[in-house]
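Keep the 3D view open and turn it as you read.

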Amino acid sequence: MSWYTVEVIGPGSWCISEYAHWEETHCYLLTGAEKALLLDTGLGIGNIREQVDRLTALPVQVLTTHAHWDHIGGHREFEAIYVHEAEEEWLKGHFPLPLEAVKRNLTCHPCDFPEEFKIEDYRLFDGGVAGTVCDKEYIDLGGRWLQVMHTPGHSPGHICLWEEERQWLFSGDLLYLGCLDAFYPTTDPVAFCSSVERIAQLPVKAIWPGHHSLQVPITLPKRVAAAFMKLADEGKLSQGSGIFTFQDFQIHL
């Protein structure tokens, strides 16, 4: 059985998921007429390059929604890697979390890892990048355009991707059904709130998240924005305030 689950989400578009792991991480392969974009590379447990090569023969550019360990695990299998400028150093050997802490997170829940995976061999990517991206920049795949939206809060350089033609939002860890994290040192609850408010203004028809269920209601951005504003009004929008539950999502401050 493959470590990955590959699902077609639209023309020239696939979701590559790691459902066997508690993180339930998603990566997205998007193709145009000239090149392919791989949004994140997951946990680094399986070989995501093999999955990509089965789906497309186009040259592949990797775009990082944010440089957290669970989204950069397969970066080592690619050369054309891009990230927001605020997190460039994280991919050059300055990751803000020790390797042993990452390994503990990776294995903290029971998981049927592939036979060839050895936790003692696991390493954080530190190979650098081919370039950086910035807010409002457009990426042309050849007749298919996606816009970078800098959405800090979950991390300083977190980005979402907006495909206006399809009205698709690739939300990374800014929005998903589950616990939205803004409690550790490199997060910023106030920036998170502002980013969600910005995204909530988009005429979204589909949300493709970084984790968990792909069945994300298009009402989620506005509801998450309202939840953050409620916490702000109550004087709770700061780290250490706790975990707050709102219907189908939580906010961890």
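Two strands pair if DSSP finds at least two bridges between them. With that in mind, look at strand 11 and strand 13 (residues 206-209): they run parallel and are joined by four bridges. If you want a place to start looking, G172 stands opposite P209 in strand 13. Please remember as you go that this is a predicted model.

Strand 11 has another partner too. Strand 10 (residues 159-163) is linked to strand 11 by three bridges, and these two run antiparallel. Here E163 has W168 of strand 11 as its bridge partner. Four residues lie between the strands of this hairpin, and within the hairpin Q167 takes a positive phi near 60°.

How many residues of strand 11 are buried? The answer is five of the five, residues 168-172, so the strand is largely enclosed by the rest of the structure. Buried here means under 20% relative accessible area. Both faces of strand 11 are covered, with W168, F170 and G172 on one side and L169 and S171 on the other.

What does F228 touch, once residues up to four places away in sequence are set aside? Its list is P189, F192, C193, V196, L237, I251 and L253.

Now move to an earlier part of the chain. Strand 3 (residues 25-31) and strand 4 are antiparallel partners over four bridges, and a hairpin of four residues joins them. L29 stands opposite L38 in strand 4.

To get from strand 4 to strand 5 the chain passes through helix 1 (residues 48-55), making a right-handed β-α-β crossover.

Is L63 buried or exposed? Its relative accessibility is 0%, so L63 counts as buried. Leaving aside neighbours within four places in sequence, L63 is in contact with L37, L38, L39, D40, Y82, V133, I139, I159 and L161. The C-alpha atoms of L63 and D40 are separated by 6.0 Å, although the two residues are 23 residues apart along the chain.

A search of the whole structure finds one cavity of 30 Å³ or more, and the largest cavity holds about 30 Å³ of space. Its lining is made up of H26, Y28, L39, D40, T65, S171, G172, W208, P209 and G210. Strand 3, strand 11 and strand 13 each supply at least two residues of that lining, which brings the tour back to the strands where we began.

Note on methods. Residues are numbered from 1 along each chain as its sequence is written. This is a predicted model: local features need pLDDT of at least 70, side-chain atom pairs count only at pLDDT 80 or more; totals for chains, interfaces and linings use all residues. Side-chain values use heavy atoms; hydrogens and water are left out. Buried means under 20% relative accessible area, exposed over 50%, partly exposed in between (1.4 Å probe, protein chains only). Contact means heavy atoms within 4.5 Å. A crossover is right-handed if, with the strands pointing away from the viewer, the path from the first strand over the helix to the second runs clockwise. On a 1 Å grid over the protein atoms alone, a cavity is a set of points where a 1.4 Å probe fits but cannot get out, and a pocket is an open set with protein on both sides within 12 Å along at least five of seven lines; lining residues have an atom within 4 Å of a point. Grid points are joined across faces, edges and corners, and a volume is the space filled by probe spheres set on the points.
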